[in-house]
Amino acid sequence: MIVNAVPTVSLNNGVQIPQLGFGTFQIEPADTVAATLAALETGYRHIDTAEMYGNEKEVGQAVRESGLAREDIFVTSKLNNGFHAHDDALKAFDRTLGDLRFDYLDLFLIHWPLPGVGDFVETWKAMEEIYRSGRAKAIGVSNFQPHHLRRLLQETEVVPAVNQIEVHPYLAQDEVRAFDAGHRIATEAWSPIAQGKVLDDPTITGIARRVGRTAAQVTLRWHIQRNDIVFPKSVTRSRVEENFALFDFELTEADMAAITGLDRGERTGPDPDTFNYVP
Ligand code: NDP
């Protein structure tokens with residue numbers, strides 16, 4: 001087992017985030033304590049959840065049951081789509097902290113921009129208040145396109161610390177990543193193995209065979225060498241361990257280019273420009 005081998009990324013306000021974490025989307029509440037504990041026991045110190053996933057209470061419980069100090073674990077949660085109005089956002093954040101039973105969150109994100117629903121600039125102003133209260137150590141966004149970010153940069157004060165977007169070999173997202181990097185916004189790559197869809201790709205399996213690693217490890221290592229932050233999800237302990245063993249091998253520049261060359265603009269999730277779903 002490799003412990004403490006995960007590098008940290010410095011966010012634009014100096015907060016340190018482990019570059020590799022554990023994702024909890026589509027983990028049933030009943031399975032969340034065991035899955036999150038397995039990740040913490042393996043050495044993960046960064047957990048990504050959301051109000052939308054319905055498992056914040058269980059993530060908080062796992063953190064407590066792990067016996068680790070709260071400040072040794074980086075926890076992210078996200079504002080759900082129905083709460084974009086200013087006061088609703090403040091109340092939703094209180095509920096998130098209450099469900100996690102935490103005094104503070106490490107990172108709080110607007111989950112989706114919902115351009116057709118309300119005004120995410122108003123939402124961001126509520127996020128800024130939360131940040132200034134000290135109860136979220138960093139704030140950011142998810143699924144924001146450069147034109148959404150430009151509005152925040154022009155109309156508000158706090159630059160988002162992260163932009164969490166879908167990225168994997170079939171959706172390399174180099175344009176959004178370059179915009180983020182140019183504005184000191186760290187990119188987090190969600191669905192980093194495209195929920196398994198890239199694991200049979202012959203380019204990836206070929207590299208995996210050559211370096212003696214699995215296709216998942218090669219794909220996750222590609223993200224790490226691109227300096228993105230990743231948090232693969234798995235309820236399977238052997239995969240949780242496999243996905244953590246990324247720091248004792250390296251891909252060559254040619255391998256990196258070959259994987260990036262698989263980009264075909266293929267999303268597994270919704271398009272942020274048209275997704276306006278409110279539960
Ligand atoms: P991932 O790309 O992490 O893939 C998860 C799937 O791959 C599961 O079915 C899992 O199966 C399987 N898997 C995991 N590891 C391996 C492995 N080593 N070998 C083979 N199969 C494997 O998808 P997610 O969509 O879960 O993305 C990761 C995280 O990103 C989420 O959990 C969430 O935290 C975040 N996210 C954020 C979104 C946003 O809008 N901000 C949207 C979507 C995700 P099993 O569990 O059965 O082992």
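Start by selecting glycine 43: just after helix α1, this residue takes a positive phi of about 125°. You are looking at a predicted model, in which local features need pLDDT of at least 70, side-chain atom pairs count only at pLDDT 80 or more, and totals for chains, interfaces and linings use all residues. Residues are numbered from 1 along each chain as its sequence is written, and side-chain values use heavy atoms, with hydrogens and water left out.

Now step back to α1 itself, residues 29–42. Helices here are DSSP runs of H or I with at least four residues, and strands are runs of E with at least two, numbered from the N terminus.

Colour the buried residues of α1, among them Val33, Leu37 and Leu40 (buried means under 20% relative accessible area, with a 1.4 Å probe and protein chains only). The buried residues of α1 pack against β3 (22–23), β4 (46–48), α2 (56–65) and α9 (237–242).

A backbone N or O atom of phenylalanine 25 lies 2.9 Å from a ligand oxygen, while an N or O atom in the side chain of serine 142 is 2.8 Å from a ligand nitrogen. Taken alone the ligand exposes 910 Å², and the protein buries 88% of that.

Finish at strand β7, residues 136–142, where six of the seven residues are buried. Strand β6 (residues 105–110) pairs with β7 in the parallel sense over five bridges (pairing needs at least two DSSP bridges).

How values were computed
Expected span 1.5 Å × (residues − 1). Buried < 20%, exposed > 50% of the residue type's maximum accessible area, 1.4 Å probe, protein only. Contact = heavy atoms within 4.5 Å. Polar contact = N/O pair within 3.5 Å; in protein donor to acceptor, adjacent residues only side chain to side chain. Areas by Shrake-Rupley, 256 points an atom, 1.4 Å probe, with all protein chains shown as cover.
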